Amino acid sequence: MSGATIIFYLLAALTLVSGLLAVTTRMIFRAAIYLLFSLIGIAGIYFWLQYEFIAAVQIVVYVGGIVVLIIFSIFLTQQAGDELPRQKMGRQLFSALAAFCGLALVMLQLYQHSFVKTNSPAIEPSVANIGNQMLGVDDNGYALPFEVVSILLLAAMIGCIVIALKSKPDKIMNKEQGISNNEVGGV
Amino acid sequence: MTEPGLYHFLFISAALFFIGVYGFFTRRNLVTMLMSVELILNSVNLNFIAFNKYLWPDRLDGVFFTIFIIAIAAAEAAVAIAIIINLYRSHQSIDVENAEELKF
């Protein structure tokens, strides 16, 4: 057993154990930290597979962006140190049963299926190759999805600002007046 | 313990997916449900990368799908957190049981 194999199993254990803790712990802040370690474990697996660019993107976007955003939202919406209420035993039991049955079904299907590997020579997933194909406009290029995703990100950004914006006091008063007028009309 | 191959990655990916599904079923807090969704999306990414590495190393499509999924997941998380904060402002709680005006 080589060192690389041991590292792979360590990364897999880190990912799965901290993922499991993230969904079972009752302290919400700890759940966010376990999620962080799970995402770092996945980035490590990408490094192990020698997809360095994807690993870097994973760390920058997930660990540096999404987890920080989640931690901020926990601070904004939760009393620090509060434990989540205990869930019903039946719900936990049936969720675990459903998840386990799903996993067993998927793994059964996977082991019965034999995958066919291509024989073409491998190309290196280097940043230069990825960049050339991503912005290419020929048959294999991904320029159109790239532009669509840029529009999506812009829309998401504007949407976030609009949704999270505090409504002004006069607007709230107008709304209340509208409601009371409606009620009067209804009566 | 054997040398890692495609099936090892598929097992990690499937296990992570169903861990996320379990969390999504049991949690009633919107932020923790969002965390479960992130786990599910990550398992999908791992699947794409493993297939790209072991079955089609002559192409880069799995890499592109992964990059786009990461971008869309970031947008989704941002919008979800904006909605959660707005919900907290109007209900003083982010428990899904307390936000049931849209039920039925």
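Q: Why are α6(A) and α3(B) called roughly parallel to each other?
A: The two helices pack at an angle of about 10°, with their axes 9 Å apart. Axes are lines fitted to C-alpha atoms over the stretch in contact, and angles run from 0 to 180 degrees between N-to-C directions. Angles under 35 degrees count as roughly parallel, and α6(A) and α3(B) are therefore roughly parallel.

The model is predicted: local features need pLDDT of at least 70, side-chain atom pairs count only at pLDDT 80 or more, and totals for chains, interfaces and linings use all residues. Residues are numbered from 1 along each chain as its sequence is written, and chains are lettered from A in the order in which they are written.

Q: What makes residues of α6(A) and α3(B) count as meeting?
A: Contact requires C-beta atoms, placed from the backbone, within 7 Å. Among the residues of α6(A) that meet α3(B) are V149(A), L152(A) and I163(A), while α3(B) contributes residues including F68(B), I72(B) and N86(B).

Q: How is the contact of α6(A) with α3(B) divided by class?
A: This contact has 17 nonpolar, 2 polar and no charged residues. Ala, Val, Leu, Ile, Met, Phe, Trp, Tyr, Cys and Pro count as nonpolar, Asp, Glu, Lys and Arg as charged, and the others, Gly among them, as polar.

Q: How many residues of each chain are in contact with the other?
A: In chain A, 69 residues are in contact with 58 residues of chain B. The largest share of the side of chain A that touches chain B, 12 residues, comes from α3(A). By class, that side of chain A has 50 nonpolar, 17 polar and 2 charged residues.

Conventions: Contact = placed C-beta atoms within 7 Å. Helix = DSSP H or I, 4+ residues; strand = E, 2+ residues; numbered from the N terminus. Parallel < 35°, antiparallel > 145°, perpendicular 65-115°, else oblique.
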